[in-house]
Amino acid sequence: MVEKTRQIQKEVFKLDLETFKLLTENSFDIISILRNDGVIIYESNAVQKILGHEPKERIGQIIFQFIHPDDLEYVKEEFSTLNEGTKKGIFRIQHKNGDLIWIESIGKKFESATIKNGVIINSRDISDRIEKEKELLIREKKYRELINHSPDILYKFSNKRGGLFYSTRIKEILGFEPEELIENPFIWNQSIHPDDREMVQKAIEDHTKGSHYNIDYRIKTKAGKWIWINDYFMHKYVDEDEIIIEGHASDITERKKMAEKLSENEDRLSKVMLASNDGTWDWNLLTNEVYFDSQYYKMVGYDVDAFPHSLYEFQKRIHPDDVNYVMNEAQKHLDGESDRFRVEFRFKHKNGHWHWVMGRGVIVERGENDTPIRFIGTHTDINKRKNAEIALLKSEQKFKALVNNTADGLLILHPKNGVEYVSPSYLKILGYKEETELGRSIENIAYLIHPDEREIVFQNIYTAIENKEDQISYVFRVKHKSGNYIWRRDKATFEYNENGEYQRSYVVCSDITKEVKQKQLLDQRKNYLVALNQGSNIFNDGEFNTQLKQFVEVIGKVSNASRAYVFKNHKDPSGQLLMSQIAEHTAPGINPEIDNPELQNLSYTEIFPRWLKHLQKNDIISGKVAEFPTSERKILDPQDIKAILIIPIMVGNEFWGFIGFDNCENDREWQYAEIEYLKASAEKISNRIKEDRKKNILKKKNKELEQVNATKDRFISILSHDLRGPFNSILGLAELLAENIDEYDKDKIKEFADAIYETSNETFVLLSNLLEWSRIQRDKASFNPGKLALLNVADKSIKPLRQAASDKNIEIEIKIKNNIELEADEVMLNTIIRNLVNNAIKFTPENGLVILSAEKTNSIIKIHITDTGVGMEEETIKSLFKLDKTRTTRGTKGEKGTGFGLLLCKEFVDKHKGSIHVESELGKGTNFKISLPLKQISAE
């Protein structure tokens, strides 16, 4: 029985599962089954249509990874509370293509035979609905903004329920918040003026649906003030006893007041016309008849009705030059081109002169099609005023001609009215074309005065007015339209009334910029010349670096620079040109940069290639730093430099360095005249360097002369001693041999011959070295470098010395690789090696060792000649390579020497731009090290 029950349950479950799949797979919504940790177990086919995923792609994924980050916290919180019941939510989820989809989901706990603590969620795409809701909100917002920005009160009103809606404008007009009137429905009705309330009520109750009303009435504001409003409304709804109207009301209080004033003015005008001396006229446009009142005739000397009442009679009495103008202006008004007719013209007086009158008029009546049919107006006697104006105009023309033809400007100031007049010359001085550009207020005039002088200028003016002075003169700077300041001299004349009260100022203004600048240039020239003269005195005596610092301080002060400094050029080991700061002056408040490590060893090519290009040509660098290249500003901006001037210091054709000037206060640049004076400062430094170099050259020449004299003395000493001795020996031996040759046996004769040969050979070597050294000193020795194999040269050099080495049982070992090559003069290189190896043999005892080796680097070859000889003490080492200190030293078997071989080696090494030095210790041998340039090296 139990087994049968289980079988039935399986069949039912299978049937339920098939039914569930049938329902979910055909659903337009996504049906998802999740574990309680959010892992997706099952999703229906709709997930592909809505989110772009195949159902199997999301199986095993956590649902939260697809939720928009801004909605994730909300979704997780709702998910965690599903055990409390069904939950509904709206959130964004990411489509497979990256788009965001708005989803509305309903979820609840779910359990089955196979799933415990699961969750089933039904999800629907509501993106279109969300977009429509957004559009609706935008429209609603725009509608509300339109209502709230309307100048009128928009409202909806029921005679039974009171106010149903009011726009926010009601707060500004009546002082009520819209909510106040809605909560207290009939405040509006109660606020209407009692005299107008019946009219308003009657208009509301005239409830023909769709009817319009436009009425004016008074209403009391919340503050208790009566105002006029214009109320335009329409009946929108009528149902038995309830009437609903919609309308808009505007505040017309000011318009009403103006209407009342107009009415008062019209009444007043009618009374004024009775008391005035003006004449009136009335023109019938249909008949061209013109009525003239009695005053009209009297104004021009006629009796009443002295000329007919017609347009023709009026026209023929107008001045011929004015008649067209008068009639054209009348026609403009008749055609609607002008609101009123107003003309000033000359009318013929009875006595024959021309009388100035002002005619004014307006159309007062129109016929069919709005055609004017009646035109009335007045004539006013303006003869005295016009004649006065003409006289004034002539006077003003003369005044303007005078003012306009002077370079000085004229300014008239009134304490209340401000600027009453400015002349064209005044505007021109300041760079303006129109008076409107300058403004009419005294504040505008004051603003143009330089801030440093504004207060003192006005203080002087106020003091002069307080003391009732007639005139005052002052000089100050004023801003030109271009933004630059110019110098001006103003002479102000003050006007007072009979009570001594100040009335106005008449100011004559002169542009004295050229005059001031000329004086400044003269003062500047004087200051620079004094400074340069002082600089010359500084450079007269003393140590150069100390003098340079003092000189830079003097020039820095006179130039008004924030900093003045000198940079000196030098090169790094690779030959790259660098600069380093060596002197500086700073103005008060400016940070010094002399100890700034970033201003030492600066590379021209890396940072200032543009500078190097110009400075090497003796051109300056000048300008605003803001306009410099970025690479340069990286160094200049941290020093707060706004403008800079760099002047090269040229010593002959050599670019030695530069003197520089910084402006850290503003970007004012140095002018041409200043630059020329500052160039002179660079020339002063250049001349000082040249003087130093001349002194050094003189010292060097003196030293060389001393060396030449010493050389000459030593040379003569050698000739007189080192050559005379050997020759005396040779002569003595030869003399003995010649006198006793018959008595000596063959061995004795050979002994004498060997001695003569040995002495002759040593003397010949000495004489050859002397002659070669002498040729080098006179720069007569030829120098013919070529590519040489070092091993071959060494073998040739040593070959003649092997016998001497063999006699002393000394081994000569060559440790030179056979493929080392260098560029050298073969004769000189042979002489160097031969002399040094010969010395090594001479000073090495029997059974010793002499080693000739070589090593190379990237650019040089080092040759070592090492022996196991007697060595040298420190004093002997110091005397080597110096002719005046060279001493004759005998070898280990009494071999003679003069030291000339080493001198010759030194000269030949120098010729190759190489170096030679010695390492030696008494009793422990000697090592001569020679370094020669290596231009080409074959592979080892």
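Against which strands do the buried residues of α4 pack?

## Basis

This is a predicted model, in which local features need pLDDT of at least 70, side-chain atom pairs count only at pLDDT 80 or more, and totals for chains, interfaces and linings use all residues. Residues are numbered from 1 along each chain as its sequence is written, and side-chain values use heavy atoms, without hydrogens or water.

## Helix α4

The buried residues of α4 pack against β1 (30–34), β3 (87–94) and β5 (118–125). Helices (H or I, at least four residues) and strands (E, at least two) are DSSP runs, numbered from the N terminus.

D71, V75 and F79 are buried in α4. Buried means under 20% relative accessible area, exposed over 50%, and partly exposed in between (1.4 Å probe, protein chains only). Viewed down the axis of α4, the buried residues fall within an arc of 75 degrees, so they line one face of the helix; the arc is that of the directions from the helix axis to the C-beta atoms. On the face turned away from the buried side of α4 are the exposed residues D70, E73, E77 and S80.

## Helices α19 and α20

The axes of α19 (residues 513–538) and α20 (residues 544–559) come within 9 Å and cross at roughly 175 degrees. Axes are lines fitted to C-alpha atoms, for helices over the stretch in contact (heavy atoms within 4.5 Å), and angles run from 0 to 180 degrees between N-to-C directions.

## Whole chain

The chain has 31 helices and 33 strands. Of its 940 residues, 40% are buried. Among contacts between residues at least 6 apart in sequence, 52% join residues at least 24 apart.
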